[in-house]
Structures are given as C-alpha cells and as structure tokens.
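Let me put the structure up, and then I'll walk you through a few spots in it.

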Amino acid sequence: MKKLIIIPAFNEELSIQSVVHRIKSSCSDYDYVIINDCSTDNTKRICEQNQLNVINLPINLGIGGAMQTGYKYAYENDYDFAVQIDGDGQHIPDYVAALEAYLVETGSNMVIGSRFLKLTDGFKSTKLRRIGISFFSWLIAKITGVLITDPTSGFRLVDKSLISEFASEYPSDYPEPESVAFAIRKGYDIREVSVKMEERQGGVSSIRKLKSIYYMVKVTLAMLVVYLTNFKGKGD
Amino acid sequence: MIKILTTRLQIFFIICVIIFIISILRMVIKKNLELKYSLLWLFCAGILLILAIFPKLLTVISELMSVYSEVNALFILAFLFVATILFSLTIALSRSSKRIRALTQEIALLNKRMENQ
C-alpha cells in the first residue's frame with residue numbers, strides 16, 4: 001500500500017518543521033509531500049535546509065490549486081491513499097490511522113476528520129465560523145441527502161478513485177465544502193470520523209473576516225452549480 | 001396616472017434579464033465560464049431584474065441621480081454596471097498576465113537547469 005500525506009503550506013515557516021516531525025513519528029508508514037504555495041516567508045528555505053520533501057509552486061494558487069497539485073503528485077506516483085494535513089499544525093496526525101481504518105472497514109472513498117461529529121473538547125473554531133459551517137452542513141444535506149457535520153474540514157483521507165478524480169478536477173477557491181458535495185453527487189461514499197484539532201500555531205489564516213461574506217456567497221453559488229449539474233455515470 | 005415603464009417594456013426587460021441569468025448559469029454548469037468571474041454579472045443582472053419587476057424603485061433612484069426619465073436612469077445604471085464589470089476584468093487580466101510572465105520565466109529557467117545537467 002502506497003500512502004501519502006499532502007501538506008499544503010503558505011507562509012508556515014513557524015510550524016512546518018514541527019508538523020513534518022509529528023507526521024514522521026505518528027505516521028511512519030506514510031510518505032509526505034509539502035506543497036509550498038509560493039510562500040513569501042522562509043518556508044522554502046526551511047524545507048531545503050532540513051531536506052524536507054517539497055514541491056514549490058512558481059505562483060500562488062490558493063489551497064485548492066495547492067491540494068490539486070498534491071493529488072496530481074499522488075496520482076502520478078500511484079498512491080493508494082492520500083491524506084490532507086495542513087501546514088499550520090491544526091490537524092493532528094495521530095488520527096490518520098483512525099481515518100484509514102474506518103475507510104478500509106466501511107469500503108468508503110473518503111473519510112473526513114470532523115470536529116463536530118461527537119461532543120469533545122479540542123479547538124472548534126470561532127463562533128462565526130461555526131455558524132457558517134452548520135449552514136454548509138445543512139446545504140450539503142439538502143443537495144445530496146447526506147449529512148456531513150464538518151464540511152470545511154481539510155483533514156481528509158481519500159482512496160485511489162478520488163485521488164484520480166481530484167487530480168483532474170478540484171475547486172480552486174474554498175474547495176472543502178464544494179469538493180464534498182461534488183464527490184457525493186458523483187456517487188462516491190463519504191464518511192466522517194470524530195477528531196480533535198489544535199488551534200493554529202502561529203501565522204495568519206488565509207481567510208480574513210472581510211473575505212468571509214464573499215466566501216459564503218461564492219461557495220453557496222458553487223453548491224447550487226453542483227446541484228444543477230447532471231452527473232451521468234459514477235467515476236468509481 | 002403616469003406609468004413609470006410601459007408594461008410591454010417592463011415585460012421585455014424581465015424576460016431579457018431572466019434569459020441572461022439562465023444563460024450564465026448554464027455556461028457555469030458546463031464549465032465554459034468560471035463561477036468567480038460570473039459573480040459580478042449575476043449580481044448586476046439580479047439588481048436589474050429587481051428594478052424591472054419593481055419600477056417604483058427606479059423612481060427613487062432616478063430622483064437620486066436627478067434624471068428626468070426613469071428609463072434613462074435604468075440605462076445609465078446598466079451602463080455603470082457594465083463599466084464596473086469591464087474594469088474588474090481589466091484587473092483580472094492584469095493579474096493573469098503577471099502570473100503568465102512568472103510561469104514563462106520559471107519554465108525557461110527549468111529548461112536551462114535541465115540543459116546544464
């Protein structure tokens with residue numbers, strides 16, 4: 001089994017080393033690749049100095065473009081599983097084994113690490129974000145009939161079929177909710193597992209408060225497009 | 001009582017705008033148009049639709065603009081919308097050409113690196 005962890009990183013000079021270090025110790029059976037989204041800080045230099053496996057994008061593409069690059073890399077190198085772990089340290093690599101086990105056990109195509117599946121402690125994001133998240137949860141349920149409690153979570157494991165799907169088509173802005181709706185509508189099996197996440201370890205989130213309204217409108221419209229698109233034939 | 005918009009004109013506008021909105025959505029669904037760049041068009045078309053359905057709003061706006069005829073106000077508004085969209089496209093184009101330049105240089109340097117190996 002070839003297994004890959006994709007680490008999208010934009011200006012994560014403060015956290016990238018500890019993220020990789022933690023991954024190496026909790027997920028020793030996984031390869032990893034950092035996708036440096038044209039960072040303007042020392043992310044690239046730190047990766048080079050520590051001989052970390054990194055792909056440096058020549059221009060900034062955003063999280064969607066960066067993750068798609070990772071999926072293309074996974075596809076080219078014939079990986080069976082791909083997991084997204086953000087370069088900011090919010091995702092806890094120790095849960096990867098649980099995600100993988102659940103995927104294998106249920107035969108699903110994607111397992112999302114959800115902060116809201118069960119009532120746990122652990123960082124659950126700001127109140128404003130949580131309202132947005134429950135809105136998207138509701139919207140996805142309306143469009144697909146499937147309840148996803150944490151559609152904005154980037155912490156997700158996919159199998160080979162979705163690696164190939166996402167390598168050829170992946171949303172460019174705010175991809176998390178849209179990609180889930182898209183995958184479900186195409187006939188893939190998506191599940192969730194309960195996880196905890198950490199608070200961001202330094203650096204600044206790429207979604208600022210001012211952009212939030214644009215984010216909500218754009219993703220909602222994108223979901224409408226997914227709803228209206230006629231998917232003939234599953235890619236599975 | 002003076003009608004703000006003749007009914008025929010009103011229906012004409014409403015049908016036009018609805019056809020336009022549907023065409024945009026169809027192109028986005030078929031992936032011929034990026035959702036991001038269609039947003040402004042959809043927003044402006046939406047506002048024009050509301051104005052065409054409720055012409056009384058147009059009276060308010062034309063008073064604000066000090067324009068005598070409401071129909072003129074509608075056209076001025078439509079022109080302003082199109083100008084805004086054009087400008088946003090100019091900005092997007094500028095950004096795109098900058099990125100293409102960066103890509104071109106990267107490829108050229110990559111080729112050089114491969115030659116030297």
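Let's start with A:Lys160, which is partly exposed, at 35% relative accessibility. Before I go on, a reminder that this is a predicted model. Now, which residues does A:Lys160 pair with? One partner is A:Asp80: the two side chains meet in a salt bridge, 3.6 Å from N to O. A:Lys160 sits in helix α6 of chain A while A:Asp80 is in the loop between α3 and β4, so this pair ties together parts that are 80 residues apart in sequence.

A:Lys160 also forms a salt bridge with A:Asp78, and there the closest N and O atoms are 3.0 Å apart. A:Asp78 is in the loop between α3 (62–76) and β4 (81–84) of chain A, with A:Lys160 over in helix α6, so here the parts being tied together are 82 residues apart in sequence.

So are those two aspartates buried or exposed, or something in between? A:Asp80 comes out as buried because its relative accessible area is 19%, and the cut-off for buried is under 20%. A:Asp78, on the other hand, is partly exposed at 46%.

How many salt bridges are there over all chains? The search of the whole structure finds twelve. Another one to look at is A:Arg191 with A:Asp189, where the closest N and O atoms are 2.9 Å apart. Both ends of that one are partly exposed: A:Arg191 has a relative accessible area of 28%, and A:Asp189 is at 26%. There's also a network, in which salt bridges that share partners join A:Lys3, A:Asp29 and A:Glu100.

Okay, over to the interface. How much area do chain A and chain B bury between them? It's about 1,200 Å², and 75% of that is on carbon and sulfur atoms. In terms of contacts, 13 residues of chain A touch ten residues of chain B.

What about charges across the interface? The count between chain A and chain B is one salt bridge. That's B:Lys31 with A:Glu169, whose side chains meet at 3.5 Å, N to O. On the side of chain A that touches chain B, the residues divide into eight nonpolar, two polar and three charged. And for polar contacts between the two chains, the count is two residue pairs, both at pLDDT 80 or more.

Which residues have a positive phi although they're not glycines? I've picked out A:Asn11, with a phi of about 50°, and A:Tyr174, at about 45°. A:Asn11 is in the loop between β1 (3–9) and α1 (16–26) of chain A, and A:Asn11 is partly exposed, with a relative accessible area of 24%. A:Tyr174 is in a loop too, between α6 (160–168) and α7 (175–185) of chain A. But A:Tyr174 counts as buried, at 13% relative accessibility.

Notes. Residues numbered from 1 in each chain as written. Chains lettered and ligands numbered in written order. Predicted model: local features only at pLDDT ≥ 70, side-chain atom pairs only at ≥ 80, totals over all residues. Heavy atoms only, no water. Contact = heavy atoms within 4.5 Å. Buried area = accessible area lost by both parts, 1.4 Å probe. Salt bridge = Lys/Arg side-chain N within 4 Å of Asp/Glu carboxyl O. Polar contact = N/O pair within 3.5 Å; in protein donor to acceptor, adjacent residues only side chain to side chain. Nonpolar A, V, L, I, M, F, W, Y, C, P; charged D, E, K, R; others polar. Helix = DSSP H or I, 4+ residues; strand = E, 2+ residues; numbered from the N terminus. Buried < 20%, exposed > 50% of the residue type's maximum accessible area, 1.4 Å probe, protein only.
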